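Me: I am new to this structure and would be grateful for a close look at a single part. Please describe that part in one connected account.

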Amino acid sequence: MRTDEDERRAHAVYRHMALVDFADDLRLGLNLGFYRTFAVPSIAAVLTGTGKMVSRPRVRAKATGELMYTLIEHGLDTPRGRAAIDALNRLHARLPVGQEEFVYVLAAFCVAPLRWIDGHSWRRTTEEEKDAAHRFYAGLAERMELTGVPGSYADFARWMDDYEERVFARTEDGQRLYGATQALLTDRFPGALAPVVRMASNALLDDRLRAAFAARRPAWPVRGLVGMGLALRRAGLRRAARATAHRRPTVDPAAPSSTDKAASDRA
């Protein structure tokens with residue numbers, strides 16, 4: 001049986017991942033998760049139908065990011081968190097897609113960032129961190145009255161893979177979305193790596209996603225260059241982590257952020 005203390009601890013762990021230990025990587029992973037939704041035909045049709053994701057991708061992505069990071073920083077049950085969930089519910093109530101699509105979006109936001117971190121950051125995520133991520137998105141689904149979220153991170157990841165195998169398809173809408181938003185991905189890398197990534201952003205996608213976007217697999221020299229760049233980046237992150245280990249704050253589930261406290265005080 002999970003207690004309120006368990007939930008506070010889980011949120012503290014996930015917030016620490018997102019804002020301290022893996023701040024850049026988790027943000028990049030959320031971008032990659034967002035890309036995965038373009039390969040779902042029904043979601044891609046909705047996103048292109050509004051016109052905003054194609055004509056103003058940065059504005060649309062920023063709005064989504066701000067809502068997600070409000071929830072990550074402040075929690076699901078704080079005044080700011082509840083306001084963000086209300087905004088998400090109002091937005092989704094107008095979209096002609098079913099619950100399964102919404103659950104998939106949460107799966108992509110939960111699983112894709114952790115897979116990126118495990119493959120490319122300064123260390124792999126722990127089981128506690130995986131559980132914390134799952135609890136966060138399962139809790140968000142519950143508050144959005146969405147059903148069908150599997151009961152663990154591992155099950156959620158398997159569900160996501162099965163869903164993609166069953167649903168991903170090549171569509172003109174998905175290809176347009178990918179083309180319109182590639183800069184959102186490459187801009188996440190340091191200036192020294194950005195030119196390489198711009199030339200080979202397809203190398204950051206897995207085969208299933210490339211097939212959905214009709215994106216070519218880069219030639220092996222390009223893949224090798226990207227792999228080398230990511231390895232150098234990982235080594236740099238490890239050096240920085242060792243150098244600052246004594247200064248990084250530890251997880252304290254009983255200590256909300258100052259903005260959490262201020263919001264609670266105003267409420």
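Reply:
**Helix α9**

At 1.5 Å a residue, the 15 residues of helix α9 (residues 153–167) should span 21 Å, and the C-alpha atoms at its ends are 21 Å apart, which agrees. The expected span is 1.5 Å times one less than the number of residues. Helices here are DSSP runs (H or I, at least four residues), numbered from the N terminus. This is a predicted model, in which local features need pLDDT of at least 70 and side-chain atom pairs count only at pLDDT 80 or more, while totals for chains, interfaces and linings use all residues. Residues are numbered from 1 along each chain as its sequence is written, and side-chain values use heavy atoms, with hydrogens and water left out.

The buried residues of α9 are Y153, F156, A157, W159, M160, Y163 and E164; buried means under 20% relative accessible area, exposed over 50%, and partly exposed in between (1.4 Å probe, protein chains only). They cover an arc of only 160° around the axis, which puts them on the same side of α9. The arc is taken from the directions from the helix axis to the C-beta atoms. In general, an α-helix has 3.6 residues a turn, so residues three or four places apart point the same way.

The buried residues of α9 pack against α2 (23–37), α7 (99–120), α8 (127–143) and α12 (207–213), where contact means heavy atoms within 4.5 Å. On the other side of α9, D162, E165 and R166 are exposed.

The loop between α8 and α9 holds E145. E145 is exposed, with a relative accessible area of 64%, and has a positive phi of about 60° although it is not a glycine.

Note on methods
Helix = DSSP H or I, 4+ residues; strand = E, 2+ residues; numbered from the N terminus.
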